[in-house]
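Keep the sequence and the model in view while reading.

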Amino acid sequence: MAVTVGASRLGLGVLRRLPVEARPLIRPGTVPTGVVHLGLGAFHRAHQAVYTEAAVGAVGGDWGIVAVAPRSTALVEALAGQDNLFSVSTLSAAGSTTRVVGALSGVRHAASDPDAVVALLADPAVRVVTLTVTEKAYQLDPVTGQLSPDSALAADLAGGRPPTTVPGLLLRGLAARAAADAGPLALVSCDNLPANGRRLRGLVDQAVGSATGVPAGLVDWVAGNVTCPGTMVDRIVPASTPDTIDAARRALGVTDLAAVAAEPYAHWVIEDDFLGGRPGWEHAGAVLTGDAGPWERLKLRGLNGVHSAVAYLGALAGRETIADALEIPHLTDVLRRLIAEDVAPSFTPPEGVRVVDYGEQALARFGNPAIRHRTLQVAMDGSQKLPQRVLHTIADLRATGRSARWGALVVAAWLRFALGYADDGRPLPFQDPLAGPIRAALDAGAQSPAGAVDAVFALREVIPAEVAGDDEVRAEVTAWLTALERHGVEATLAGVR
């Protein structure tokens with residue numbers, strides 16, 4: 001990201017020059033490390049880091065965060081040059097506010113120094129590891145939940161070299177922690193996966209059970225010392241751009257090369273299962289619970305699934321941002337029907353929550369004109385997202401004999417997007433870890449929409465068997481895909497009855 005630095009850099013030396021309301025709640029270097037975070041991206045900086053800083057500011061604790069970037073060095077270098085400080089701008093139609101966050105006690109780059117990350121995971125002072133590494137980094141089949149290791153993870157499981165994957169880092173870190181008798185550890189997935197705690201537990205157990213060269217007794221040690229609390233995380237955080245950095249500079253009077261922007265809304269639900277202690281997140285507004293499942297399904301289906309629908313239909317119609325896409329005639333009416341007729345009947349929400357009301361709140365959030373969340377960003381990695389966001393909704397509806405008409409529209413929009421061109425013929429990038437098999441399936445079925453649906457529905461890595469074998473769902477997806485190909489998004493939505 002090319003940015004012209006036109007002011008002094010953010011760092012400890014300039015904090016006194018900042019507006020009082022923009023200064024961090026805690027000063028980096030004064031709070032010892034207790035948390036390691038894997039995935040040094042915009043979402044972590046605008047969500048877990050903000051909650052953790054607020055918790056430490058409210059009730060104290062040794063919970064500084066060392067954040068680890070799996071691959072890119074740019075952000076590590078930017079934060080290291082700013083004494084681990086960064087800013088979060090909260091954007092709404094009414095204006096913006098910017099505040100510097102001091103939750104980070106350090107940053108690391110896993111690809112260049114994996115042994116340092118393994119040592120952190122084995123450090124007895126570290127009692128919590130959080131993750132925002134996106135769905136694909138878990139290397140779990142989205143349908144079965146089983147490990148689907150690529151060559152890098154297979155090499156990590158075989159041992160004999162420093163780890164290069166997230167599961168490999170966790171495996172080697174837990175082995176080193178067990179060998180050092182460093183005490184219990186909570187691994188906390190903050191990614192949009194169904195039953196993310198159980199999925200992470202399955203990943204760890206499978207990796208430990210299938211790896212070679214790990215200490216005897218590691219399986220038992222992990223069973224007795226490692227917990228994987230489930231979570232639900234929620235805040236819209238678009239990718240940072242030069243405009244993000246320019247806005248932070250105007251607000252702070254200094255340059256922050258790690259600036260992020262986010263919507264005002266934030267939510268975090270956490271299962272309270274921490275053998276070694278945790279930050280006082282409830283004092284920062286988080287909800288501690290015994291079961292995050294209902295909250296997770298609410299968010300995955302009522303927010304993320306609807307987000308994906310807007311992204312695919314918006315991208316096909318040539319709309320750059322999610323807010324722009326909501327201006328497509330009839331789209332909000334269709335989304336309300338998706339929420340009321342498909343999402344709401346598909347699961348039991350948390351006590352006291354009405355899914356339709358939650359969906360209305362989601363649509364209002366999507367329409368925030370200050371959050372320029374690109375449709376193409378939300379549309380990435382659909383094969384990893386659609387099972388939990390849309391396909392599980394379809395499966396649960398069909399199990400009760402209900403139609404899944406609107407979920408079928410989202411699947412059809414994804415298939416149409418995967419063909420790689422918008423309604424006006426412009427090319428669309430199809431970024432997906434299964435892009436090869438999906439494109440091959442679409443090519444094999446290119447003679448007709450029905451052929452394309454049949455070919456992609458045969459990909460069990462994406463489409464659950466109960467959905468793939470459902471003739472009514474297949475017919476609905478085919479009808480929607482036919483309409484989208486013949487008429488485009490706007491005409492298709494205009495014809496909805």
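UniProt lists residues 293-481 as "domain: Mannitol dehydrogenase C-terminal", in an unreviewed entry. In this predicted model, that span is 66% helix and 0% strand. Its end C-alpha atoms lie 32 Å apart.

**Helix pairs**

Two packed helices are described by the angle between their axes and the distance between the axes. The table gives both values for two pairs.

| Helix pair | Angle between axes | Distance between axes |
|---|---|---|
| α10 (residues 293-316) and α15 (residues 382-399) | about 120 degrees | 10 Å |
| α12 (residues 331-343) and α16 (residues 405-418) | about 125 degrees | 8 Å |

Take α12 and α16 first. Their angle is about 125 degrees, which makes α12 oblique to α16. From α12, the contact uses V334, R337, L338, E341 and D342. From α16 come R405, W406, G407, L409 and V410. By class, the contact of α12 with α16 has five nonpolar, one polar and four charged residues.

Now α10 and α15. With an angle of about 120 degrees, these helices are therefore oblique to each other. α10 passes α15 in a left-handed crossing. On the α10 side, the contact holds L300, R301, N304, G305, S308 and Y312. They meet residues of α15, among them L386, R389, V390 and D396. By class, the contact of α10 with α15 has four nonpolar, seven polar and three charged residues.

**The six-stranded sheet**

Strands of a sheet pair through backbone hydrogen bonds, either parallel or antiparallel. Which pairing does the open sheet of six strands have? It is parallel, and the strand order is β5-β2-β1-β6-β7-β8. β5 (104-109) and β8 (226-227) stand at the edges. Each has a single partner strand, so one side of each is left without a neighbour in the sheet.

Helix α6 (residues 166-180) packs on this sheet. α6 touches β1, β6 (128-131), β7 (185-189) and β8. The direction of α6 makes about 170 degrees with that of β7.

Inside the sheet, five bridges join β1 (residues 33-38) and β2 (residues 64-69) in the parallel sense.

**The three-stranded sheet**

Another open sheet has three strands, in the order β9-β11-β12, with mixed pairing. β9 (231-234) and β12 (287-289) are the edge strands. Each of them has a single partner strand, so one side of each lacks a neighbour in the sheet. Neighbouring strands of this sheet are turned by 15 degrees against each other on average, direction ignored.

β9 and β11 (residues 267-271) run antiparallel and are joined by four bridges. D234 stands opposite H267 in β11.

**Two loop residues**

Most residues other than glycine have a negative phi. Where do the positive values fall here? A195 is not a glycine, yet has a positive phi of about 50 degrees. A195 sits in the loop between β7 and α7 (196-210). H330 is not a glycine either, and has a positive phi of about 75 degrees. H330 is found in the loop between α11 (322-325) and α12.

Conventions:
Residues are numbered from 1 along each chain as its sequence is written. This is a predicted model: local features need pLDDT of at least 70, side-chain atom pairs count only at pLDDT 80 or more; totals for chains, interfaces and linings use all residues. Side-chain values use heavy atoms; hydrogens and water are left out. Two strands pair if DSSP finds at least two bridges between them. Axes are lines fitted to C-alpha atoms, for helices over the stretch in contact, and angles run from 0 to 180 degrees between N-to-C directions. Angles under 35 degrees count as roughly parallel, over 145 as roughly antiparallel, 65 to 115 as roughly perpendicular and the rest as oblique. A crossing is left-handed if the near helix is turned anticlockwise from the far one by less than a right angle, and right-handed if clockwise. Contact means heavy atoms within 4.5 Å. Ala, Val, Leu, Ile, Met, Phe, Trp, Tyr, Cys and Pro count as nonpolar, Asp, Glu, Lys and Arg as charged, and the others, Gly among them, as polar. UniProt positions are given in the numbering used here, feature names are shortened, and annotations may be inferred rather than shown by experiment.
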